[in-house]
Amino acid sequence: MIPFRSLLTACLLAAVSPLFADDAASPARSMLRVNITSQPYNFGLPWQKQNPGTRRGLGALLPGNRVLITAEMAQDASYVELEAAASGRKLTGKIEAVDYELNLATVIPAADTGDFFAGMIPLAVDAALKPKATLDVWQFEANGAPVVSPIELNRVDLAPYFLDDQFFLIFQATGGVQYRAGTFTLPVVHDGKLAGMLLRYNSRDQVADILPPGIISRFLDDVAVPPYEGTPNFGAKLNGTLDPQLRSFLKLSDVEGGMLVTGITPGFSADKAGIKDGDVILSINNLTIDSRGYYNDPDFGLLAAGHLLRGGAKVGASVQLKVARDGSILNIPCTLLRRNPEDYLVDPYMFDRGPRFLILGGLLFQELTQNYLQLAGREWRDRAPFRLVYALGNQDDFLKQGRHKLVFLSGVLPAPGLIGYERLRNLIVTSVNNKPINDVKDLAEALKSPTDGIHKIEFSDFPKVIYVDAAQAELDNKEFVPARYRIRELQRLD
Amino acid sequence: MKPSLRFLGAAAAALLPASLSLAQLAPPPQAPPADGEKTTSLGRQYEGIVNIECNTLEVDYRTPWNPATPGGGSGTGFLIAENLFMTNAHVVSDASRLIIRKVGDPTPYRARVKHIAHDCDLALLELVKPAAAFSTVEPLKIAEEVPKLDTTVKVVGFPIGGERISVTRGVVSRVDYQEYSHSGADQHLAIQIDAAINPGNSGGPVLQDNMVVGVAFQGYSGDVAQNTGYMIPTPVMRRFLKDVEDGKYDRFVDLSITHFPLMNPAQRKALGLPEDGDLGVMVASVDSEGSAGGALKTGDVILEIDGHAVESNGSIDIDGEQTELAEVVERKFAGDKLALKIIRDRKPESLEITLKGASHYLMQANRYEQQPQYVMFAGLVFQPMDKPLMTVAAPSSLRSRYWFQYFTTDELYRDKPQPVVLTNVLPDEINTWLREFSGQIVEEINGVKITRLKDVSDALQKEDGSSFHLIKLAGEGRPLVIDRKQAADAQPRLLQKYGLGASAYIE
């Protein structure tokens, strides 16, 4: 079996050049190298960026001189370059649009293109693609020669793309893919049309996870009509109902399947539609949900129901829910809304910008981000300051208290006015000058009204309250902090 | 003071009992001749220092219904009065049998614990049958004062490295507050010395001018810090001895506040103090059920404690020695009064506080001599949250970890004095869909709010006309549903299958 497979691949490689007609899409005519210098912010020292690093990957050329890449490649881009593989010619580009949840981004030329795209053939998206099919993974050799690896598309599932805990549709394919491009995020092609972006490849099992063409089209359609909407969130947890004792308790004896709704986020899709804790969703748009939470998709077969509420749905779309509630059946329309990263107490991800912060005479206040906690390393859930990790895990408790963001004192830059406060760090701020603090803007506002020239800053933990001389802090902000710590930007409120 | 300092310290100091295998004593040599004057005084000086062999029973909180596992260790003790030996609590904790051995006498003397103080790691033992061999032994005398820095001390005991009595020598390196790692949740005065203290030295006397100036009790292993041993100083020993005079040990009292140094001029000014002064600390938090609850509040400034001026770093002067303001409280007993001079809302005030022990923090302290409590129902094992449980079960649930860490700080005990955790699900057909739910705190059973383990068994016995038991876990929307009839059938099957003698043990 194995010798046969390698023989087959060898034949295909040998036959590469005649495979592509002169006027058809081909790696050389429809794929570009994309070089991206990325420079994330430093979440511990939010006024500065980290050391820049360069990623090299491949992008699929689309109509309108757009190049499709993954968001993973586009993150924190400060300089973007398109490169023709054969000639090595380069063109400065820029990120046009990026969706970190869908892990897609488009690059467009930054200025006049000249004849850079002359003779290039953009790829159409094969949005109707279904398993089973044979797909080609496209790469370039170092010398610019095309490398084509055929893989067999045979399975559909929901899995995370780039961010954890965000599940979207993936195509799974098997077959050998050689490692040439320095990355496994590669264009996948079917019959001369873009069939997806390869997300990751398990070389031991020879299994490739592919971001499917349907998701690519929805992203491109969204980009084409501003403003960009993204994907909706249902705003509740869905639990299986296999447990017969649970079913009996929920009075589900006369119906089959269904998903139990719990943990409804106030103010989002499920809540606004009037869905209640303990409701059981029996069908979505007349597609019956089984007790594991799967439905039979007309295109893809058995699929997790989350697809109908997220990756497979548009923001603002209405879905029809059949719900069992206390023994009776209700039909409830639900408009799917989006929960943006800013709508969370703690931004679940942050790219291309740094956290909002404010320095008061050396006291460094920030809005909490997951990136900050991740500074504690791989084991950050155990190692980062527990109070802050707990806030991240129980955000809704804080949102219910009316908080919008979590402002905390992340540390102290020792300065003349801060004697005695040097060791304070990672303290959640509750109020400043007796005004509640729900974001850094509140903080900036509250700092306009000290009492008798002294700011009062209250924390949820030891030492609970400190006082800072307003005039001294202003002076230190003007002189000491910029001079000694070389910080030019003392706050970022937007 | 306890809560604020409990989480400090990079590496916990290790306790020092020797394992039994290292300390199996061969018959010691014959006693020195009685008439050799020099050797006699040396011999008599150490005669009151004894080896203590302790057989223990260790319980496993993962299987709280199981009988304990036998183990053991050895340490040192010393005679302080007729048939009264002092040692460390950790040398004799969880004891099933205690043997005392005297230098120059092969006889094993059976002993028992008379008083044990886990919060300051001290214990008093007595022989089950007073022995004539000890009648001529002179008890060791406890010094009045804390030894001065850089003065020489000797540590005497039965550490690893040999079987006979050992003497090491060093100086007093530091006098400071330390966490006592036996309880893991208490801080008291401790004295650091550079004499070698090794496993087996625990409970032995530290001597200066033939007087006991401390009890050797903990140290760092060589890869953390060199030549760093700690002894329990005489104020702590004396307080323990005074506490048990009434026949029982009542534990230390505590002000149950945290305080913050007042170094910052703006802070001093805002609180109504002279900016350039060096007196006063700010009260940061007050445990509302502690001694100072209702009396002190956040933002108060403590200027004087029992007439001792409090410096801005929290230190006071007692008999010419700089020490922490906590030391005044450390030497007092439940019911004693404490006089405070404070500044509140920029005005001076005087307060009198009646002291009592703090109890909620014990949830976060190591436990001894305790049979673990549990309720097993339909394969679901419920246990009260405490330190030994959290150590072995280590639930990954953020909420459970929060409850354990912030139980006193956030006064969570007001809501649930004894939080109950669903620790385990013993597999059976009745709970086949419930196995993923362990590690969470139990919020409610059959409509009854669960605030302590007793509530679990009461709620499960409650008939509410429903054919289900309904269990709600904190932070988990999906209820655990158990059919009442099936549960009744399953209980004997589960007890038999998993070897539980009883469905519950509740104190």
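**Helix H4 of chain B**

I began with what the buried residues of H4(B) pack against, and found strand E7 (105–117), strand E8 (122–127), strand E11 (186–193), strand E13 (211–219) and strand E14 (229–233) of chain B. Helices (H or I, at least four residues) and strands (E, at least two) are DSSP runs, numbered from the N terminus. Which residues of helix H4 (residues 234–243) of chain B are buried? I noted Thr234(B), Val236(B), Met237(B), Phe240(B) and Asp243(B). My cut-offs: a residue is buried if 20 or more other C-beta atoms lie within 10 Å of its own, exposed if 12 or fewer, and partly exposed in between, with C-beta atoms placed from the backbone.

**Ground rules**

This is a predicted model, where local features need pLDDT of at least 70 and side-chain atom pairs count only at pLDDT 80 or more, while totals for chains, interfaces and linings use all residues. Residues are numbered from 1 along each chain as its sequence is written, and chains are lettered from A and ligands numbered from 1 in the order in which they are written.

I looked up the confidence for chain A: the mean pLDDT (the predictor's confidence in each residue, from 0 to 100) is 92, and 96% of the residues reach 70 or more. Residues 1–17 of chain A fall below 50, and beyond near neighbours in sequence this stretch has 6 contacts in the model. Two residues are in contact if their C-beta atoms, placed from the backbone, lie within 7 Å.

**Chain A overall**

I got 15 helices and 29 strands for chain A. Its C-alpha trace spans about 85 × 65 × 40 Å along the principal axes. Chain A has 494 residues, and 45% of them count as buried. Taking contacts in chain A with a separation of 6 or more, I see that 61% join residues 24 or more positions apart.

Chain A is divided into domain 1 (1–230), domain 2 (237–335) and domain 3 (343–492); the bounds come from an automatic or database domain assignment. How many residues of domain 1 of chain A are in contact with domain 3 of chain A? I have 9 residues of domain 1 against 15 residues of domain 3. The domain 1 side of that contact has 6 nonpolar, 2 polar and 1 charged residues. For these classes, Ala, Val, Leu, Ile, Met, Phe, Trp, Tyr, Cys and Pro count as nonpolar, Asp, Glu, Lys and Arg as charged, and the others, Gly among them, as polar. The C-alpha centres of domain 1 and domain 3 of chain A lie 40 Å apart.

**Strand E24 of chain B**

Why is strand E24 (residues 380–384) of chain B described as largely enclosed by the rest of the structure? Because 5 of its 5 residues are buried. Leu380(B), Phe382(B) and Pro384(B) are on one side, with Val381(B) and Gln383(B) on the other.

E24(B) pairs in the antiparallel sense with strand E23 (residues 374–377) of chain B over 3 bridges; two strands pair if DSSP finds at least two bridges between them. Leu380(B) is the bridge partner of Phe377(B). E23(B) and E24(B) form a hairpin with 2 residues between them, and Ala378(B) in the turn has a positive phi of about 55 degrees. Strand E25 (residues 420–425) of chain B also pairs with E24(B) in the antiparallel sense, over 5 bridges. There, Val421(B) is the bridge partner of Gln383(B).

**Gln440 of chain B**

I placed Gln440(B) in strand E26 (residues 440–445) of chain B. Gln440(B) is buried, with 20 other C-beta atoms within 10 Å. Leaving aside neighbours within four places in sequence, its contacts include Val421(B), Leu422(B) and Arg399(B). The C-alpha atoms of Gln440(B) and Arg399(B) are separated by 7.5 Å, with the two residues 41 apart along the chain.

**Where the chains meet**

Last, I checked the contact between the chains: 27 residues come from chain B and 29 residues from chain A. On the chain B side, H5(B) gives the largest share, 5 residues.
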